[in-house]
Amino acid sequence: MLRPLPLLTAAVLSLPVAVGLLGTVLPAIGLGAVGTGLSAEPFRAVLDWPGLTRAMAVSVSSGLLSTLGALLVATLILAGWQGTRAFVWLERMLSPLLAVPHAAAALGLAFLIAPSGWIARVPALVLGWDRPPDLLILQDPWGLSLTAGLIAKELPFLLLMMLAALGQTDQRRRMAVARSLGQGRIAGWLKTVFPALYAQVRLPVLVVLVYAMTNVDVALILGPNVPPTLSVQVTRWMAEPDLSQRAVAAAGAAIQFALVLGALAVWWGGERAVARLGCAWVWAGRGLPERSARAAGLVLGVVSALAVLLGIAALALWSVAAGWRFPELGPDALTARSWMRFGPEMLSVAGDTLTLAAAATALSLLLVVGCLEAEHRFGLTVGQRALWLLYLPLLIPQVAFLPGLVTAAAAFGLGPSWTLVALGHVVFVLPYVFLSLAGPFRAWDGRLARVGAGLGASPDAVLWRLRLPMLLAPVLTAAAVGMAVSVGQYLPTLLLGGGRVVTLATEAVALAAGGDRRAIGVWGLGQTGAAFLPFALALLVPALVWRNRRGLRHG
Amino acid sequence: MADGLRLDRVRVFQGRRRLLEVDATVLPGTVVTLMGPSGSGKSTLLSYVMGDLAPGFHAEGRVTLDGRDLGGLAPEARRVGILYQDPLLFPHLDVAANLAFGLPPGSPRAERRAAVDRALADISLSGFGPRDPATLSGGQAARVALMRVLLSAPRALLLDEPFSKLDTGLRRQIRDLVFGRARAAGIPVLLVTHDEADAEAAGGPVIRL
């Protein structure tokens, strides 16, 4: 019962990716169900698309710049402020932002930085403008607002990943030596702690790079429009009613995949170059302008956190705004009208979204607990290669293999359906559930299992009656992480559901184009709430269940 | 008396509990040994002198080095070197880069290379520059760590039980090397240990906690 689970999990992670990539490549060269025989026609169609060069350039630049930006800010914050009160405060501000879905964060940010947004209203009030400035800030052709949005959203992720890995780097003693040898706080950290830390968080950094280059939801909201990014254009080709466009979409997806591989190669080369430069820097013995670097880290971190927080606040305010003319900083009056109008439908879709998330998360949890328990009982450890496997669905762009997966599923007679969407979510939810639960599960005191066995409990009884109840808090946290991931999924829901499975993510992104700010406010806030609800329960339930068990709190 | 390392009624606290009180002067070229059981706050005292006290601890009293008050100075500005029981060579840098790490900035590259080569020759490790520190033996690593701290031209040296992880034969050898070099550099040395033999070899005043 337990033994095949690790293999099954490996299949769940790798098969959809492999089948999907194959299903993308075949139609792209004219083969497969929609093809008419080997031909270069699909690629020619993509190459004939006039926006291709720009779309590729924006995809690469926004991907590389935002990853670099988020990594830089996270590094400056950690190097300059770790162990201070300011850091604790910043960490508290940034951590919850991890749960905010990408689409909701992007919508909020759009409310903030649009020419008629909150920020522009300040100079407008002071200078007496009566209409928004005529600037293309949002959806600018070079994807700068897209890049900024991605930095703000990925910063909490990278910071928390780095913080989690910091424990394995011996940073205290390294820093003590580095500083006693005359290095400043940030320079010493970069020279001694960063190399070890980066090696630990390399995979998450690559996940950010791939996501930033190929995401569709944030690019639709903040990214350029004519031409859009390549991933957005591929999604558009997929949505065409004319089925022959599927082959064009496949060719576009293949080009996007090649582009990602190219960017990964560039990143890899960059890593080498930085390592070399770092060595030269150590030899030169020079420091950094410590004070400015520390200040920059703090300011950038606070601005980034505020951008997302104020964006959510803007969503909230618009959802209850009666009239709100341009230069005014707040609405004339508050009203529940928008909630009466959009609320019922939003809540019903929220119910569907959470049901879908619960299904995908439950299945993921089952597989993850099975894998971890198999590892514990049979010593089926999977090692470093398994870590790559776990990251596989996150490192291969969704837009590269999902179109192929849809085509392949159709070839087996599996049309778009709710089940397909739920199974698709599992592929993306499972890695996060695993990463979140593995640490606490493995750290559980194994002597308790031996005591239990000595009292006559079978291995199953030990799992169900000792281990899992004691690990209630981490299990629920992992479930909350999984549900938040599922609530945020846009492209899998859209493509695997054939546009017929509606979730908060698909609705919120669809509304973005319409520009009804009150509707966007209600739906964007709804998506944020749906992602946060499981976290609230994950905190509340163990506190209630174990309210009389001091040894199990803070676990 | 301005020269040397002066601990002026230094008291170390953990929360509200006082761990120790020390009043001592370490003259240039001499070793003062601080002996006490583990948990007596010896290492914490060294952290205080370094300017790197862990959260949860605090200390009172003045620390001066060659007449300069160290209070409020950043650790990197104090010019106080330290050796721990582990050599703590940076594993991502080769041996030469580890040695270059503490060289004061400003000198030309060729000069820095030469200084590192001289240092390696000095500890009989010529040609070890490009080696991975993880491939060094315990004694070799201890010598590199010593040279690294000396190259940074510290004005005082702190020793946090630096010999306790070496086996007996090696221990005497490294101990003599460290004390000899520190005396030759003419800097004050503060040694923390619970090994009587260390205190004896140090030859200076011993403070028992």
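## A salt bridge between two strands of chain B

In this predicted model, B:R11 and B:E60 form a salt bridge, with 3.3 Å between the closest N and O atoms. B:R11 belongs to strand β1 (residues 5-14) of chain B and B:E60 to strand β4 of chain B, so the pair ties together parts that are 49 residues apart in sequence.

## Other salt bridges within the chains

Over all chains, the whole structure holds 24 salt bridges. Another one in chain B brings together the side chains of B:D66 and B:R155 (3.3 Å, N to O). Distant parts of the chain are linked here: B:D66 sits in the loop between β4 and β5 of chain B, B:R155 sits in the loop between α5 and β7 of chain B, and the two are 89 residues apart. Both ends are partly exposed, B:D66 with a relative accessible area of 26% and B:R155 with 30%. One more feature is worth a look here: salt bridges with shared partners join A:D170, A:R173, B:D86 and B:K165 into one network.

The side chains of A:E41 and A:R44 meet in a salt bridge, at 3.3 Å from N to O. These two residues are three apart in helix α2 (residues 41-48) of chain A, so about one helical turn separates them. A:E41 is partly exposed at 46% relative accessibility, and A:R44 is partly exposed at 46% as well.

## Where the two chains meet

The size of an interface is often given as the accessible area lost when the parts come together. For chain B and chain A, the buried area is about 2400 Å², with 63% of it on carbon and sulfur atoms. Of the area that chain B buries against chain A, 26% comes from B:E76, B:H92 and B:F101, more than from any other three residues. The contact involves 32 residues of chain B and 23 residues of chain A.

Turning to the polar side of the interface, there are three salt bridges between chain B and chain A, as well as six residue pairs in polar contact. One of the salt bridges pairs A:R179 with B:E76, and their closest N and O atoms are 2.6 Å apart. On the side of chain B that touches chain A, the elements giving two or more residues are α2 (75-78), β6 (80-83), α3 (95-100), α4 (109-122) and α5 (138-151) of chain B. Of these, α4(B) gives the most, with four residues. By residue type, this side of chain B divides into 21 nonpolar, four polar and seven charged residues.

Let's step into the strands. B:V80 is found in strand β6 of chain B and is buried, with a relative accessible area of 2%. Beyond its neighbours within four places in sequence, B:V80 touches A:S180 along with B:V49, B:M50, B:L65, B:L70, B:A156 and B:L158. Between the C-alpha atoms of B:V80 and B:R171, which are 91 residues apart along the chain, the separation is 23 Å.

B:T33 lies in strand β3 (residues 31-35) of chain B. At 0% relative accessibility, B:T33 is buried. Again leaving out neighbours within four places in sequence, the contacts of B:T33 are B:L191, B:T193, B:A199, B:A202, B:P205, B:V206 and B:I207.

## Backbone details to look at

Two residues of chain B have a positive phi without being glycine. For B:D66, phi is near 50°; this is the residue in the loop between β4 (57-65) and β5 (68-69) of chain B that also pairs with B:R155 in a salt bridge. For B:E161, phi is about 45°, and its place is in the loop between β7 (156-160) and α6 (168-185) of chain B. B:D66 is partly exposed at 26%, whereas B:E161 is buried at 10% relative accessibility.

In chain A, helix α10 (residues 194-214) has a kink of about 60° at A:V201, shortly before the proline A:P204. This helix, α10(A), is mostly covered, with 15 of its 21 residues buried. Chain A also has a cis peptide bond between A:V226 and A:P227, with omega at about -10°. A:P227 is in the loop between α11 (217-222) and α12 (230-239) of chain A.

Technical notes: Residues are numbered from 1 along each chain as its sequence is written. Chains are lettered from A and ligands numbered from 1 in the order in which they are written. This is a predicted model: local features need pLDDT of at least 70, side-chain atom pairs count only at pLDDT 80 or more; totals for chains, interfaces and linings use all residues. Side-chain values use heavy atoms; hydrogens and water are left out. Buried means under 20% relative accessible area, exposed over 50%, partly exposed in between (1.4 Å probe, protein chains only). Contact means heavy atoms within 4.5 Å. Buried area is the accessible area (1.4 Å probe) that two parts lose on being put together, summed over both. A salt bridge is a side-chain nitrogen of Lys or Arg within 4 Å of a carboxyl oxygen of Asp or Glu. A polar contact is a pair of N or O atoms within 3.5 Å; within protein, one must be able to donate a hydrogen and the other to accept it, and residues adjacent in sequence count only if both atoms are side-chain atoms. Ala, Val, Leu, Ile, Met, Phe, Trp, Tyr, Cys and Pro count as nonpolar, Asp, Glu, Lys and Arg as charged, and the others, Gly among them, as polar. The bend at a residue is the angle between axes fitted to the seven residues ending there and the seven starting there.
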